[in-house]
Amino acid sequence: MTLSKIKTVILTGLFALSLASCVSVREYQKSRINDSEMALSNRKVEKEELNFQVIKEGAAGANSGKSGGGCGCN
Amino acid sequence: MKKYLFIISFLFCIVYSSFAQYFKKDTTTYTTKSLKLDEVNLVTGYYSQTGDHATTLGGRGDEKVTEISSAIDLKFVGYTDPNYIHSLTAGFGFAHHSAASAAWVSKTGASSKLGNRIYPSLDWSMQNVKAKTEYSAGAQYSGEFNYKSLTLNGGFSIKNNNNGEFSAKVNASIDRVKLIYAQNMGKNIVGNTSFTGSTVSSNDDVLAFSGTRPSAVSAASGTTTTTSRTVVSGASYSYSTTPRTTLTTAFGYSQVINPRLQVAVLADLTGQFGYLGLPFHRVFFSDADSSRIERLPSQRLKLPIGVRANYFLGDNFIFRTYYRFYMDSWGIKSHTASIEVPVKLSSFFSISPFYRYYTQTAADYFAPFAQHKTTEAFYTSNYSYSAFSSNFFGVGIKWSPLEGGIFKSVELRYGHYAQTTNLVSDVITLHLKF
């Protein structure tokens with residue numbers, strides 16, 4: 001089995017395990033989940049660094065941010 | 001383009017305010033709240049970069065860049081029904097940069113290293129609280145001297161009864177690239193110099209070689225001379241443009257696992273079409289004395305898949321983790337992994353160290369300076385398509401005072417970035433939320 005296949009299996013397994021451990025969460029139990037730093041997205045303060053990473057690296061996307069477009073000429 | 005964006009924004013505001021008034025009449029069954037300013041965000045950043053693989057010089061030369069940017073957005077929120085929450089966000093950003101390589105892409109023929117970019121935006125969303133759905137639409141514009149980009153997007157999301165949320169978004173960027181060819185840049189170069197070193201300075205013209213071509217990749221063992229160039233001071237040139245289109249569909253599913261853990265799976269499918277190189281990116285060859293501009297396929301398909309997992313440990317620690325696998329039709333495969341650990345020192349103050357690791361394989365069309373053959377169909381010496389890895393680490397601090405003060409939050413973040421290509425950069429960002 002190649003390394004990439006092993007990684008895929010591990011990630012899929014971890015994700016499935018996480019879902020399997022789902023419990024019903026009531027609104028009053030979400031004080032931690034609703035913390036601003038628990039947000040499942042990039043924050044505005046990360047905007048500058050995401051911009052140069054898109055330009056200086058070959059990969060982009062799957063992070064709720066820019067995945068193409070724009071110049072990045074310099 | 002800016003005029004159209006302004007007109008669209010203006011019309012939208014008129015139509016929206018008309019609807020707001022219409023719903024306001026019917027106050028017997030539900031409460032109406034017209035759009036009111038809810039939040040203001042001001043983000044200011046400073047970026048500084050050094051490197052020695054300038055693409056304008058074929059993969060060698062000074063890559064020094066500094067940029068200062070500032071963006072503000074105003075978010076308005078209103079209700080047309082207790083179940084419908086509307087928000088309208090208008091933003092405007094400005095960036096000013098100084099780039100060593102920009103001297104070779106000058107507007108006037110002089111060796112200007114400066115450039116500006118503006119990026120206004122307008123985003124709207126409507127949340128249906130009862131149906132647990134949200135619709136959104138937006139438009140963004142980015143303009144700089146040699147590149148204009150208009151992006152339109154629309155999105156939809158729906159929550160289920162088990163704390164899960166599915167989202168889908170489509171995004172279209174319609175760009176125009178100004179065709180400032182490398183040959184045009186000959187006008188920018190102070191000529192009649194020669195060099196024998198392995199690095200290129202701003203006074204060296206490597207656009208054309210004469211005499212014996214060095215056989216090695218490095219020019220250190222050979223001598224190259226330049227053709228005569230004339231600096232045309234104060235002159236202006238007109239350039240034609242060519243299109244580049246980027247279409248993206250982005251899907252996401254997030255799930256609250258338990259009161260301390262939530263995860264999200266994100267997948268994009270991006271297609272780019274049109275002129276995907278830049279006309280002032282030079283490529284040098286091992287079997288020719290003159291350079292050409294980079295040549296890349298007119299299509300590129302990107303497939304990134306990412307997973308986020310955030311965990312709240314105890315009362316003070318949050319673990320924000322992210323992993324992404326990426327592949328595209330140009331042969332690049334990459335892995336990205338990051339972790340950030342906000343530590344809540346008090347109810348109002350947190351400190352967040354972070355680390356990000358990135359690695360990628362080279363694109364099929366990349367080769368360093370003077371390693372391409374002229375017989376190849378596609379070629380580039382842009383090091384963002386080379387094989388490399390990078391480390392990015394730093395720290396952020398966040399202060400969230402109680403309601404009633406001027407600021408809702410103040411956040412400062414510093415990061416240091418280093419690639420194995422010798423590119424090193426530092427970035428510092430300040431986010432003020434009012």
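**Grounds for the terms**

Modeller: Of the 434 residues in chain B, 47% are buried. Please bear in mind that this is a predicted model.

Colleague: What makes a residue of chain B count as buried?

Modeller: The cut-off is a relative accessible area under 20%, and 47% of the residues in chain B are buried by that rule. Chain B also exposes about 20,000 Å², with 62% of that supplied by carbon and sulfur atoms. Its elements are one helix and 22 strands.

Colleague: Why is the pair Lys56(A) and Glu63(B) called a salt bridge?

Modeller: The rule asks for a side-chain nitrogen of Lys or Arg within 4 Å of a carboxyl oxygen of Asp or Glu. The N to O distance between Lys56(A) and Glu63(B) is 3.8 Å, so the pair meets the rule. Across the interface of chain A and chain B, the rule finds 10 salt bridges.

Colleague: Which elements give two or more residues to the side of chain A that touches chain B?

Modeller: They are helix 1 (3–20) and helix 2 (47–56) of chain A. Helix 2 of chain A gives the largest share, eight residues. By class, that side of chain A has 18 nonpolar, 17 polar and 13 charged residues.

Colleague: How do you know that chain A and chain B are in contact?

Modeller: Contact requires heavy atoms within 4.5 Å; by that criterion 48 residues of chain A are in contact with 89 residues of chain B. The area buried between the two chains is about 5,500 Å², and carbon and sulfur atoms give 53% of it.

Methods: Residues are numbered from 1 along each chain as its sequence is written. Chains are lettered from A and ligands numbered from 1 in the order in which they are written. This is a predicted model: local features need pLDDT of at least 70, side-chain atom pairs count only at pLDDT 80 or more; totals for chains, interfaces and linings use all residues. Side-chain values use heavy atoms; hydrogens and water are left out. Buried area is the accessible area (1.4 Å probe) that two parts lose on being put together, summed over both. Helices (H or I, at least four residues) and strands (E, at least two) are DSSP runs, numbered from the N terminus. Ala, Val, Leu, Ile, Met, Phe, Trp, Tyr, Cys and Pro count as nonpolar, Asp, Glu, Lys and Arg as charged, and the others, Gly among them, as polar. Buried means under 20% relative accessible area, exposed over 50%, partly exposed in between (1.4 Å probe, protein chains only). Accessible areas come from the Shrake-Rupley method with a 1.4 Å probe; for residues, only the protein chains shown count as cover.
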